[in-house]
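This report describes a single protein chain, from its overall build to a few selected residues. The sequence and the structure are shown first.

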Amino acid sequence: DGGTGASALRADLATDGGGVLLDGPVSVNGLRTIDTAGLATEAGSITFTGQASADGLSAALDLDARAATVGGDITLAGVTEVDEGSLLTTLDVRTSAVAGGSGVIALGGDVVTSGQQTYDGFVVVDAAEATLDAGMGALVFDDALSLGSSTTTLRGGEVDFAASVTGSGSSPATLTIQSTGDARIGGVAETPGELTLTLGEQAQLVGPFAGITVTSSGETFVNAGASSFDAPVTVASATAVTFEDGAVLSTTGDTITLGDGSGDLSLASGGNVLITTGIFGGDIVLNPGSGVVAASDGTGSLTLSAGTGDVRVSGDLGRVGSAFDSIDVQTSGILALSDGEVAATTLDFGGLTGPITISDEARLTSTGDLDLSSVRSITSLDAGMQPARFVVTTTGTVTLPVVGSDSVFGSQPLESVSLAANGLRLGGDIAATSIDA
């Protein structure tokens, strides 16, 4: 094809049950259909050994190996943009059979189009890493999807699963679901214009997975109701992750990470939100770009329940002027605070029996009593390398545990302790370079 070394597909291809092999790179001109069933009851296979790309605008592929009894296999080495403007607009791949066995769709690399990709048949990712990218269009899987041990990214304006998504038991897959617009987790119905991972689709994520990430180029919403994942899960957004009132995000012992260092984490007005990893839980990691904040009207209650796992907070967890109604932390692990504020009308640490460790500075602010008596200790994360500051501001009484040392973790004195309260109860020694009470 013009010296490029690519075969040019400029016409439709059809067989009555025979296979079609396109060896090497292929450039597609216009909307092209390859049909390997014809009048036969068993379809032939379709194989692309090289990359497929568009030759001109509005190029698309329709690969049809459906049949009455046995569908043919379809193998794609990859679909990519070779030169600027050489993306296929859409891709339809079909291997189903009316009766008998459907064929297998094997993907050996990235599949990138500017519009919708539809897979009607059992899809197997045969690459160590693969990205299926439909741009602003939808990725539609009408049958099961096997990721094996791959690291796979599914990207589009919507991603729809009609059957199970599995990984390999010996070496679990890693799955990223990325919206090119807004994303929404939970609920029973699709939300037009957003990538929606409904409760039914969450149940299709069978795994096993080393991790699942749901992220968006816009805002990511977590719907009211229960959303549960059977794998470590990360929920992130380029702008903000917003939890609706009554949202529950849970795993059965796996880590939950909220944020990837960009965008706020926030609660909708009046939001009452539970994030839990179960009684034998994994960690809860809050990693926003600028903080975890309540609704603009200052309402919202947040419960973090990690069982035996840790709760790790980077940045603010509520702010003065955007504080929560209440924050409840429940874990026998560590509450790790890093350079931020924890602000709520009520701070409930009655379910926290592990230590609080501080990196740089932690500021606890409330308008009532602050009882930290159940906390094992409050220490610097590493006093020798990174002295930390601990600041408490409350209109009530603050009750402290041992501060600056721990019988297990050793002596980790703070750089400074500053306490502004109407009353102070001490549960042990305070070890710090300076104390202001």
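Of the 437 residues of the protein chain, 53% count as buried. The model discussed here is a predicted one. Taken along the principal axes, the C-alpha atoms fill a box of roughly 85 × 45 × 40 Å. Among the contacts in the chain with a separation of 6 or more, 55% are accounted for by residues 24 or more positions apart.

**The nonpolar core**

In soluble globular proteins, nonpolar side chains tend to be buried together. In this model, the largest nonpolar core has 104 residues. The members that touch the most other members are Phe 48, Tyr 119, Phe 141, Phe 161, Leu 317, Leu 364 and Phe 390. Strand E38, which covers residues 335–352, supplies the largest share of this core, namely seven residues. Leaving aside residues up to four places away in sequence, Tyr 119 touches several residues, including Leu 91, Val 93, Ile 105, Leu 107 and Phe 141. The contacts of Tyr 119 also include the charged residues Asp 142 and Asp 143.

**The cavity**

Rolling a probe the size of a water molecule over the atoms shows where empty space is left. A search of the whole structure finds one cavity of 30 Å³ or more. The volume of the largest cavity is about 60 Å³. Its lining consists of Phe 243, Leu 258, Leu 265, Ser 266, Leu 267, Val 273, Ile 275, Leu 286, Val 292 and Leu 302. The largest share, three residues, comes from E31. By residue type, the lining divides into nine nonpolar, one polar and no charged.

| Residue | Location | Relative accessibility |
|---|---|---|
| Val 222 | strand E25 | 0% |
| Asn 223 | loop between strand E25 (219–222) and strand E26 (225–229) | 11% |
| Thr 397 | strand E43 (residues 397–400) | 18% |

Why does Val 222 count as buried? Val 222 counts as buried because its relative accessibility is 0%, and the term requires a value under 20%. Beyond residues up to four places away in sequence, Val 222 touches Ile 185, Val 241, Thr 242, Phe 243, Glu 244 and Ala 247. One of these, Phe 243, also belongs to the lining of the largest cavity. From C-alpha to C-alpha, Val 222 and Val 329 are 20 Å apart in space, and they are 107 residues apart in sequence.

Asn 223 counts as buried because its relative accessibility is 11%. With residues up to four places away in sequence not counted, Asn 223 touches Arg 184, Ile 185, Gly 186, Gly 187, Glu 244 and Ala 247. The side chains of Asn 223 and Arg 184 make a polar contact of 2.7 Å. Ser 418 lies 195 residues from Asn 223 along the chain, and the C-alpha atoms of the two are separated by 39 Å.

Thr 397 has a relative accessibility of 18% and therefore counts as buried. Not counting residues up to four places away in sequence, Thr 397 touches Asp 369, Leu 370, Gly 423, Leu 424 and Arg 425.

Technical notes: Residues are numbered from 1 along each chain as its sequence is written. This is a predicted model: local features need pLDDT of at least 70, side-chain atom pairs count only at pLDDT 80 or more; totals for chains, interfaces and linings use all residues. Side-chain values use heavy atoms; hydrogens and water are left out. On a 1 Å grid over the protein atoms alone, a cavity is a set of points where a 1.4 Å probe fits but cannot get out, and a pocket is an open set with protein on both sides within 12 Å along at least five of seven lines; lining residues have an atom within 4 Å of a point. Grid points are joined across faces, edges and corners, and a volume is the space filled by probe spheres set on the points. Helices (H or I, at least four residues) and strands (E, at least two) are DSSP runs, numbered from the N terminus. Buried means under 20% relative accessible area, exposed over 50%, partly exposed in between (1.4 Å probe, protein chains only). Contact means heavy atoms within 4.5 Å. A polar contact is a pair of N or O atoms within 3.5 Å; within protein, one must be able to donate a hydrogen and the other to accept it, and residues adjacent in sequence count only if both atoms are side-chain atoms. A nonpolar core is a set of buried Ala, Val, Leu, Ile, Met, Phe, Trp, Tyr and Cys residues joined through side-chain atoms within 4.5 Å.
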